[in-house]
Amino acid sequence: MSLSLPVPNVTAFFDDATNTVSYVLQDPQGSACAIVDSVLDFDHAAGRTDTRSADKIVAFIREKSLNLQWILESHVHADHLSAAPYLQEKLGGKIGIGNQIRVVQDTFGKVFNEGTEFQRDGSQFDALFDDGDSFHIGQMRTDVMHTPGHTPACLTYVIGDAAFVGDTLFMPDFGTARCDFPGGSAHDLYQSIQRILSLPDETRIFVGHDYKAPGRDEFAWETTVAAQKAANVHVGGGTDENSFVDLRETRDAQLAMPKLIVPSLQVNMRAGHMPPAEEDGTVMLKLPINRL
């Protein structure tokens with residue numbers, strides 16, 4: 001790893017309810033920071049939201065006197081709601097996601113019968129990133145990699161010696177993301193993972209979830225490219241594409257849908273905003289029958 005690469009300070013926030021890891025990454029040369037994959041707490045049975053997870057991040061950023069510049073989404077999550085609008089209201093910053101969000105919005109706009117009032121152009125977000133784009137967090141350059149497969153809009157953010165891969169890869173002993181959501185592709189995921197694994201071996205990889213693989217007692221979310229190449233149970237050791245696709249598609253056929261997929265998709269495709277309120281001011285979420 002080149003000594004000239006910045007080494008961002010990374011602080012993780014683990015959400016037990018959804019097994020999601022959110023990150024605050026800071027420019028070591030200043031106060032600029034970004035948040036990756038925030039969580040809005042949601043009680044599905046009661047239909048109630050809560051900001052306790054997001055408030056931990058707000059408190060951390062304020063305590064450290066950091067300047068929030070970006071609120072980044074690795075993709076449209078299907079297992080938790082994003083707290084991006086709440087964090088932006090409290091701390092500022094721009095909300096960014098991959099440009100292929102438009103594909104996701106078009107797909108799920110139809111699933112939820114959102115009508116023409118729901119804009120499918122990504123305009124709910126402040127910035128849409130394409131593969132090869134770059135932007136800065138303070139003095140740190142962030143390079144954008146389009147890494148589809150789990151969803152069409154998945155991104156990996158590469159910042160100095162760190163890569164934030166969302167749901168593309170998990171810890172080596174747990175494997176890789178599912179590919180059976182609309183627009184997902186095990187073939188695409190394999191190719192995306194190969195791009196990530198082409199980064200320098202010393203690159204730190206920060207994953208979006210952890211579920212404690214059998215035999216491991218502690219949650220974990222940081223690994224390296226070298227460790228993934230050597231030991232990932234789905235793609236490590238030189239696994240070829242056809243073998244991976246067979247394994248991934250067989251495994252996906254046995255998985256249940258995430259518990260929060262219905263509210264998550266409706267909210268996250270709107271950059272974390274709730275659907276428009278009814279005439280009496282009540283916000284409603286739809287439950288499509290036999291569509292997912």
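Biologist: Where is leucine 292 found, and is leucine 292 buried, partly exposed or exposed?
Modeller: Keep in mind that this is a predicted model. Leucine 292 sits in the segment after H7. Its relative accessibility is 43%. Buried needs under 20% and exposed needs over 50%, so leucine 292 counts as partly exposed.

Biologist: How far apart in space are leucine 292 and phenylalanine 181?
Modeller: Along the sequence, leucine 292 and phenylalanine 181 are 111 residues apart. In space, going from C-alpha to C-alpha, the separation is 8.4 Å.

Biologist: And isoleucine 289, what separates its C-alpha atom from that of glutamate 73?
Modeller: Isoleucine 289 is also placed in the segment after H7, and at 60% relative accessibility it counts as exposed. Isoleucine 289 and glutamate 73 are 216 residues apart along the chain. Their C-alpha atoms are separated by 28 Å.

Biologist: Let's go inside. What lines the largest cavity, by residue class?
Modeller: A search of the whole structure turns up one cavity of 30 Å³ or more, and about 90 Å³ of space lies in it. Its lining includes Val76, Phe108, Thr151, Phe181 and Leu265. Sorted by class, the lining residues are nine nonpolar, one polar and no charged.

Biologist: Which elements give two or more residues to the lining of that largest cavity?
Modeller: Among the lining residues are Val104 and Phe108, and also Ile261 and Leu265. The elements that supply two or more are helix H3 (101-111) and H7.

Biologist: Now the open spaces. Which residues lie nearest the centre of the largest pocket?
Modeller: The largest pocket has a volume of about 580 Å³. Strand S4 (41-43) and helix H6 (241-252) each supply at least two residues of its lining. The lining divides into twelve nonpolar, five polar and nine charged residues. Of the 26 residues that line this pocket, those nearest its centre are Thr18, Asp79, His209, Tyr211 and Pro258.

Biologist: What about the second largest pocket: which residues lie nearest its centre?
Modeller: The second largest pocket holds about 220 Å³ of space. Its lining divides into four nonpolar, five polar and five charged residues. Out of 14 lining residues, the ones nearest the centre are Glu114, Glu117, Arg270, Pro275 and Pro276.

Biologist: On to charges. How far apart are the closest N and O atoms of aspartate 252 and arginine 248?
Modeller: Side chains of opposite charge can pair when their charged atoms come close. Aspartate 252 and arginine 248 are four residues apart in helix H6, so about one helical turn separates them. Both residues are buried. The closest N and O atoms of this salt bridge are 2.7 Å apart.

Biologist: Why does the pair of arginine 120 and aspartate 106 tie together separate parts of the sequence?
Modeller: The closest N and O atoms of arginine 120 and aspartate 106 are 4.0 Å apart. Arginine 120 lies in the loop between H3 and strand S8 (127-129), whereas aspartate 106 lies in helix H3, so the parts tied together are 14 residues apart in sequence.

How values were computed
Residues numbered from 1 in each chain as written. Predicted model: local features only at pLDDT ≥ 70, side-chain atom pairs only at ≥ 80, totals over all residues. Heavy atoms only, no water. 1 Å grid on protein atoms, 1.4 Å probe; cavity = no way out; pocket = protein on both sides within 12 Å on 5 of 7 lines; lining within 4 Å. Points joined across faces, edges and corners; volume = space filled by probe spheres on them. Nonpolar A, V, L, I, M, F, W, Y, C, P; charged D, E, K, R; others polar. Buried < 20%, exposed > 50% of the residue type's maximum accessible area, 1.4 Å probe, protein only. Salt bridge = Lys/Arg side-chain N within 4 Å of Asp/Glu carboxyl O.
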